[in-house]
Amino acid sequence: MVKKSMNVEEILLKIVLENAITHNGKAAFNSVMKTFAGTYPEYRPQIKQLIPTIQKLIADVNAMEIGSQIEKLKQLDPTSKVFQEAKREKKEISLPPLEGAIEGKVVTRMPPAPNGYLHLGHAKAAFIDWEYAQMYKGRMILRFDDTNPKDVIEKFYDEQKKDLKWLGITWEQEYCTSDNIETHYKLAKKLIEQGDAYVCTCSNETIRDNRQKQIECACRSLTSEEHLKRWERMFSEFQEGEAILRFKGDMKSKNTAMRDPTLFRIIDHTHPRHGNKYRVWPTYDFAGPIEDSLSGVTHAFRTKEYELRDELYFALLERLNLRKPKLLEFARLNVRDMITSKRKIKKLIQEGYVSGFDDIRLITLRALKRRGFIPAAIKQFVLSQGISKAEGEVTFEQLEVINRKLIDESTPRRFFVSNPILLKIENSDPITATIPNHPDNQALGKRTVTVQDAVYISQEDAQRFQVDTVFRLKDLFNVKVTEISKEHITAEFHSKKVLQNTLKIQWVPSHENVDVTVLKANPPILLKDPETGNETFNKNSLITIHGLGEPNLTQANVDDRFQFERFGFVRIDSIQNGKITAVYTHK
Ligand SMILES: [Zn+2]
């Protein structure tokens, strides 16, 4: 139902947004017009005058990320059918029910450290948090865990939000852990006063050694008064590395995480949000449970490698008498042959081996976007593994299969020939072929391609021909090979009717076509020596394929997707002086 107060522009904006959200972020003019005319017949007399407005709205909306489109639509019409449909779709993905979840009360949080572009692993965490919040009509908090100033880069607060919005993820609240540091100090003081935390001035080696030997250091038995004094000195006198605040856990515990872990340390480093205002910073061991508890999180998810630290999480909240959220673990995403380590990626970029964080060989969200993957496929892929704790390696091909299924029907086909060779056709008049843009989806329409007396075909196809071979130039006619030379092939017109068991091959006219270069990832980026374990850069991890595309590709825009028939799906990455660079998505 649409609110009565909506004017025609708002109605149009709503239709454009709904159309975009249900079509991977891109509204299409024809279907917007159809919906508008069908749903609001009273506006039909004015429809012609409204066309420029509709076109402008489509351009504006298509320039937005899906997340922003969803937000906008929620403001405009929270009852939109898109949200009803989204609920139905959720059932198919079906995460298991959440223990202790009450509808309307579930609060989850996504806590990235703003230190790099998000990758597939982050997408898994984000979708689990978001999906559960949606499932129980609760809310999700985006919290930047930014309490290690050496590990915070200013631009990533925004860049990570862009990544999440691209995924279609929305959140109800957003804040930075570093903004609550004064509260953290108060709680730390409380722990010290209670005798539950102490300032340790031992050297790193002593601390490590004691942890291993399970013995307490001399600092531990000093009075709370002494530790409060030492705590004050952490803000002024002590140098970095000279003193840390430790939790009074249990040095004899079998769980190493409980052997008096560090809660606060001195880091003299400028923070992008706070400059040099603070030098005593909480560790994630401290900040995590405190923030989860104080911000009202009911269900906190984290990856399995934190499992050992669960005991500490609850012990801290217990001693501070704070509410305990439910803590749930899921297996970290390991994709075979893919690297997610920021350190490794950075090194590859610095050494010039990969072009940047959106290099198509990586699985950052930027790289996947560039390659032509859609958020819906990423969501299905990461959630298909559920929230099981079982560690396992998944293959990138699984994501490709899902993406192909989702984009196939809406992706137009085009002819592309790699490593072209000229095919001269004798005994034929110029002919214009009408070719459907999709074999099954007629809504994608048709295109025409004109052939005079020659076409280009791919060398790979040409290699299979001999004199007298009859083959079909797809959607055109059959030809018979009469002569083969290194430079070209000559054939003559054979027949029009489709013949059984005849090879059908793609072609582009010789008199008009488009230069196309396709970049294709060929993993892995790093080759591992089985004996030494050393990793070296794989020089063959990126393949460049040159070829020619049919003339219709001159109308293509950056970001458009096509399936180059018998080659694979591609996304147009750039267009320069009429030459196209495309990125290979998958088969
Ligand atoms: Zn000590």
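**Close-up views of helices in a predicted model**

**View 1. Helices α11 and α12 cross with a right-handed sense.** A crossing counts as right-handed if the near helix is turned clockwise from the far one by less than a right angle, and as left-handed if anticlockwise. This is a predicted model, in which local features need pLDDT of at least 70 and side-chain atom pairs count only at pLDDT 80 or more. Residues are numbered from 1 along each chain as its sequence is written, and side-chain values use heavy atoms.

View 2. The contact involves V8, I11, L12, I15, V16 and N19 of α1, together with S31, V32, T35 and F36 of α2. Helix α1 (residues 8-21) packs against helix α2 (residues 29-39) at an angle of about 130 degrees, with the axes 10 Å apart.

**View 3. Helix α8 covers residues 181-193.** At 1.5 Å a residue, its 13 residues should span 18 Å, which agrees with the 18 Å between its end C-alpha atoms. Its buried residues (under 20% relative accessible area, with a 1.4 Å probe) are I181, H184, Y185, L187, A188, L191 and I192. Seen down the axis of α8, these buried residues fall within an arc of 170 degrees, so they line one face of the helix. Just after α8, G195 adopts a positive phi of about 80 degrees.

Conventions:
Helices (H or I, at least four residues) and strands (E, at least two) are DSSP runs, numbered from the N terminus. The expected span of a helix is 1.5 Å times one less than its number of residues. Buried means under 20% relative accessible area, exposed over 50%, partly exposed in between (1.4 Å probe, protein chains only). The arc is that of the directions from the helix axis to the C-beta atoms. Axes are lines fitted to C-alpha atoms, for helices over the stretch in contact, and angles run from 0 to 180 degrees between N-to-C directions. Contact means heavy atoms within 4.5 Å.
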